[in-house]
Amino acid sequence: MDILLNEQLKKLRKAKGNTQEDLAAHLGITMQAVSKWERAEGYPDITLLPSIAAYYNVSVDDLLGLGENRKREKIEEYRNRNQELFRAGKNDERVALWRAARNEFPNDLSVIYELMYALQAQDRKTNADEVIAYGERLLNESTDSSQRSGAVQSLCFTYYFAKGDAETAKKYAHMA
């Protein structure tokens with residue numbers, strides 16, 4: 001299991017909008033020590049971990065990146081189950097599976113992407129508005145080129161086949 005402390009520290013510090021000096025002052029250590037941690041050239045003393053986690057209002061597991069690892073493992077479990085259901089043609093169960101995943105990880109765009117595709121397979125016409133909402137969200141928030149490409153394709157087909165809106169479908173087709 002990877003410890004991602006350096007990445008987490010950078011991410012948390014930037015999200016909070018503070019500097020390495022701010023964290024160092026809070027902990028009573030040098031800015032150079034914090035810089036060293038962020039460059040993965042060392043780790044803080046274990047006794048500092050609860051103070052660092054409290055400063056950023058996260059758990060020690062999340063600070064170490066272990067929460068991210070658990071999240072990836074759980075999403076991989078969802079993907080494996082999805083493959084089983086896909087092969088069995090159980091689209092209703094796939095939608096239920098990805099809805100559960102979305103409830104657990106509401107801001108994970110890979111989960112949104114999978115839910116969008118499961119909804120299309122279940123019934124593109126009935127689920128058109130939801131597919132469109134997820135496709136738009138992916139275009140607005142995702143930086144992953146395959147997610148963005150899949151969203152464009154889904155939007156194009158959903159507008160054309162489910163909504164009967166050829167003009168909007170063309171707009172998305174030109175994005176592809």
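Helices here are DSSP runs of at least four residues, numbered from the N terminus. With that in hand, welcome to a short tour of this predicted model.

Figure 1. The protein chain has 11 helices and 0 strands. Reading from the N terminus, the order of elements is α-α-α-α-α-α-α-α-α-α-α. Along the principal axes, the C-alpha atoms fill a box of roughly 65 × 35 × 25 Å. The radius of gyration is 21 Å, whereas a compact globule of 176 residues would have a value near 16 Å.

Figure 2. Of the 176 residues in the protein chain, 43% are buried. The accessible surface comes to about 10,000 Å², and carbon and sulfur atoms supply 49% of that area.

**Figure 3. A close-up of helix H2 and its neighbours.** Helix H2 covers residues 20–27, and its buried residues are Gln20, Leu23, Ala24 and Leu27. Looking down the axis of H2, these buried residues fall within an arc of 100°, so they line one face of the helix. The buried residues of H2 pack against helix H1 (5–16), helix H3 (31–38) and helix H4 (49–56). Just after H2 comes Gly28, which takes a positive phi of about 75°.

**Figure 4. A close-up of helix H3.** Here the buried residues are Val34, Ser35, Trp37 and Glu38. Seen down the axis of H3, they fall within an arc of 160°, so they too line one face of their helix. Their packing partners are H1, H2 and H4. H3 is followed by Ala40, with a positive phi near 60°.

**Figure 5. Two loop residues with positive phi.** As background, most residues other than glycine have a negative phi. Ala40 is not a glycine, yet its phi is positive, at about 60°. You will find Ala40 in the loop between H3 and H4. Asn57 is another non-glycine residue with a positive phi, near 60°. Asn57 sits in the loop between H4 and helix H5 (60–63). Is Asn57 buried or exposed? Asn57 counts as exposed because its relative accessibility is 71%, and the cut-off for exposed is over 50%.

Figure 6. Asp123 belongs to helix H8, which spans residues 109–123. Asp123 has a relative accessible area of 31%, so this residue is partly exposed; that class lies between the cut-offs of 20% and 50%. Look next for Asp92, which is 31 residues away from Asp123 along the chain.

Key
Residues are numbered from 1 along each chain as its sequence is written. This is a predicted model: local features need pLDDT of at least 70, side-chain atom pairs count only at pLDDT 80 or more; totals for chains, interfaces and linings use all residues. Side-chain values use heavy atoms; hydrogens and water are left out. The radius of gyration is taken over C-alpha atoms; the globule rule is 2.2 Å times the number of residues to the power 0.38. Buried means under 20% relative accessible area, exposed over 50%, partly exposed in between (1.4 Å probe, protein chains only). Accessible areas come from the Shrake-Rupley method with a 1.4 Å probe; for residues, only the protein chains shown count as cover. The arc is that of the directions from the helix axis to the C-beta atoms. Contact means heavy atoms within 4.5 Å.
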